[in-house]
Amino acid sequence: MDLKEKFQILLNKFNLGKFDEVISESTLMIKKYPNQEVFVNLLSLSYQAKGQFKNSIIILEEALKRGKKNFNFWNNLGLSYLKIKNFNKASRALLEAYKLNPKFINTLNNLGSLYLELNNFKDAEFYFREALKEKEDVIETNYNLATLLQSIGKVEEAKKFYIKTLELNSDFTRADFGLA
């Protein structure tokens with residue numbers, strides 16, 4: 001079995017929520033093929049999915065010590081720091097990801113979420129809008145922007161993004177509450 005096939009098998013397991021299996025097998029693949037960044041990223045995402053953000057941080061920081069300049073690593077590192085409320089380190093990592101790939105939607109959304117956490121509504125709005133310029137049909141970003149706009153009193157504009165969120169996923173009940 002080649003590396004692409006092994007990655008696809010692990011990705012399928014990840015999508016099925018078999019995170020422990022992905023963690024175990026990705027760890028073995030990294031030991032065997034330390035330069036295969038996709039397995040590091042998958043391992044990090046599996047830890048994040050289990051809420052083990054500190055483990056994700058350890059994996060990514062170790063990979064970045066080896067000189068990796070992978071924007072996915074920086075983005076996921078920033079997200080993990082954001083989840084544990086270490087906003088300074090989250091900011092540094094996410095801005096590094098942004099510098100490496102300023103059009104990566106996940107980084108743009110994560111920067112928006114970071115600035116929203118910090119009550120920096122101007123920057124949060126900027127990054128959410130930048131993400132939507134890249135891809136307008138991302139449920140989470142539409143919802144995040146709607147929530148932000150509502151919180152700063154731009155209720156009519158917020159409604160447009162809540163409606164867009166529901167058009168993308170009619171089961172997204174949090175958007176229904178925003179329209180109420």
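Where does tyrosine 47 lie? It sits in helix H3, which covers residues 37-49. Hi everyone, I'll come back to that residue in a moment.

First, some ground rules. This is a predicted model, where local features need pLDDT of at least 70, side-chain atom pairs count only at pLDDT 80 or more, and totals for chains, interfaces and linings use all residues. Residues are numbered from 1 along each chain as its sequence is written, and side-chain values use heavy atoms, with hydrogens and water left out.

Okay, the overall picture. The chain has 11 helices and zero strands. Here helices (H or I, at least four residues) and strands (E, at least two) are DSSP runs, numbered from the N terminus. The radius of gyration is 18 Å, close to the 16 Å that the globule rule gives for 180 residues, so the chain is as compact as a globular protein of that length. That radius is taken over C-alpha atoms, and the globule rule is 2.2 Å times the number of residues to the power 0.38.

How much of the chain is buried? Buried residues make up 43% of the 180. Buried means under 20% relative accessible area, exposed means over 50%, and partly exposed is in between (1.4 Å probe, protein chains only). Now contacts, meaning heavy atoms within 4.5 Å. Take those between residues at least 6 apart in sequence: 45% of them join residues at least 24 apart.

Back to tyrosine 47. Is it buried or exposed? At 14% relative accessibility, tyrosine 47 counts as buried. Not counting residues up to four places away in sequence, tyrosine 47 touches Ile23, Gln52, Phe53, Asn55, Ser56 and Ile59. Isoleucine 57 is 10 residues from tyrosine 47 in sequence, and their C-alpha atoms are 9.1 Å apart.

Next, lysine 6, in helix H1 (residues 3-15). Lysine 6 has a relative accessible area of 18%, so it is buried. Leaving aside neighbours within four places, lysine 6 is in contact with Met1, Glu25, Met29 and Phe39.

Serine 91 is in helix H6, residues 87-100. It is buried as well, at 17% relative accessible area, and it touches Leu114 and Tyr115 once residues up to four places away are set aside.

What about glutamate 157? You'll find it in helix H10, residues 155-168, and it counts as partly exposed at 25% relative accessibility. Beyond its neighbours within four places in sequence, glutamate 157 is in contact with Arg129 and Leu149. Which side chain does a polar contact of 2.5 Å join to that of glutamate 157? That would be arginine 129. A polar contact is a pair of N or O atoms within 3.5 Å; within protein, one must be able to donate a hydrogen and the other to accept it, and residues adjacent in sequence count only if both atoms are side-chain atoms.

Last stop, two loop residues. Lysine 85 is in the loop between helix H5 (71-83) and H6, and asparagine 119 is in the loop between helix H7 (105-117) and helix H8 (121-134). Phi of lysine 85 is near 65°, a positive value in a residue other than glycine. For asparagine 119, phi is near 60°, again positive in a non-glycine residue. Lysine 85 is partly exposed at 48% relative accessible area, while asparagine 119 is exposed at 54%. That's my tour, thanks!
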